[in-house]
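Me: I would like to learn how the words used for a structure are tied to their cut-offs. Could we go through them one at a time?

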Amino acid sequence: MKSDAYYTSSLDAVKKIVQDEGISGLYCGINGSLIGVTSTNFAYFYWYSVVRSLYLASQTVPKTPGTAVELSLGAVAAAVAQIFTIPVSVVTTRQQTQLKGDKKGLLDTGREVVHSEDGWTGLWRGLKASLVLVVNPAITYGAYQRLRELFFPGKANLRPWESFFLGAVSKALATIATQPLIVAKVGLQSRPPPARQGKPFKSFLEVMSYIIEHEGPLALFKGLAPQVTKGILVQGLLMMTKERMEVLFIVLFAYLRKIRDSKLQQVANAAASRAREVMPIVRK
């Protein structure tokens, strides 16, 4: 990445990165991205399950949560997950926006962040923007549930393509709604532009104001196409896999329970047989 590089579109960015850094440049920061995606999704679904279970347990009359409640539960779960996973996002973003001559590995980039003027707190840079962005997975999962009821009402198990479709559409809607915040978050976590002479942004509102002033309001939606494409593929595959794994675990647990019951029965029969052998014969 050159210091004066400017991309007019997603295809232009791909073309210039390949010309300057080769195909490998398109995969810069992939280790951090994989760690980030895995940890974020695991943390989100874990905390969502915990929060939703607590909510349902607190209800005197069991009922399915409405859209507003689903969004609120998703927001709480995403906020908690962000606190634990944002350091990976900060390091990955910094790694992907490094100049060609300054490319570093994941750990070295992390050390660079820690040794900056922010210190250890630099690993949580952009946390406020990330907490605001919790509405993204909240909208995604809330929309997924509503769309499922709309397109496949009463259907317990979805086919793979149905899960992919719902996951892709819900993520696309959430990404379009939150793209300005995503752009601001990246601006916070990456190096400041040359025009600021090394002065970092202090808030996501400052980033958005800077972008509007220098590039116009539409620049808040720059990168929307690749962001939506990425979201569609990742979320679609994620929800498709999630639905399959749920069915797999149900079958697995049923099988394990059957084996356990069978073994318990065998133990009981063996104990009864042994007892009959050692007990004295009582004659009338």
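Reply: Let us begin with arginine 196, which is buried because its relative accessible area is 15%, and buried means under 20%, exposed means over 50%, and partly exposed is in between, with a 1.4 Å probe and protein chains only. The model is predicted, so local features need a pLDDT of at least 70 and side-chain atom pairs count only at pLDDT 80 or more, while totals for chains, interfaces and linings use all residues. Residues are numbered from 1 along each chain as its sequence is written, and side-chain values use heavy atoms, with hydrogens and water left out.

Me: Where is arginine 196, and which residues is it in contact with?

Reply: Arginine 196 is placed in the loop between α7 and α8, where helices (H or I, at least four residues) and strands (E, at least two) are DSSP runs numbered from the N terminus. Leaving aside neighbours within four places in sequence, arginine 196 is in contact with Phe201, Glu206 and Tyr210, contact meaning heavy atoms within 4.5 Å. From C-alpha to C-alpha, arginine 196 and tyrosine 210 are 9.9 Å apart in space, and they are 14 residues apart in sequence.

Me: Why are α7 and α8 called roughly perpendicular?

Reply: The axes of helix α7 (residues 160–189) and α8 cross at roughly 105° and come within 8 Å. Such axes are lines fitted to C-alpha atoms, for helices over the stretch in contact, and the angles run from 0 to 180 degrees between N-to-C directions. Angles under 35 degrees count as roughly parallel, over 145 as roughly antiparallel, 65 to 115 as roughly perpendicular and the rest as oblique, and α7 and α8 are therefore roughly perpendicular to each other. Their contact is made by residues including Pro180, Leu181 and Val183 of α7 and Phe204, Val207 and Met208 of α8.

Me: Is glutamine 179 buried or exposed, and what does it touch?

Reply: Glutamine 179, which lies in helix α7, has a relative accessible area of 2% and is therefore buried. Not counting residues up to four places away in sequence, glutamine 179 touches Leu220, Phe221, Lys222, Gly223, Leu224 and Gln227.

Me: What makes glutamate 215 and lysine 222 a salt bridge?

Reply: A salt bridge is a side-chain nitrogen of Lys or Arg within 4 Å of a carboxyl oxygen of Asp or Glu, and the closest N and O atoms of glutamate 215 and lysine 222 are 3.3 Å apart. Glutamate 215 is partly exposed because its relative accessible area is 37%, and lysine 222 is partly exposed because its value is 41%.

Me: How many salt bridges are there by this rule, and how far apart are glutamate 149 and arginine 146 in helix α6?

Reply: The count comes to two salt bridges, and one of them joins the side chains of glutamate 149 and arginine 146 (3.0 Å, N to O). Because glutamate 149 and arginine 146 are three residues apart in helix α6 (residues 135–151), they are separated by about one helical turn.

Me: Why does tyrosine 27 count as exposed, and where is it found?

Reply: Tyrosine 27 counts as exposed because its relative accessibility is 52%, and it is found in the loop between α1 (10–21) and α2 (30–58). Proline 217, in the loop between α8 (204–215) and α9 (224–278), is exposed too, because its relative accessible area is 56%.
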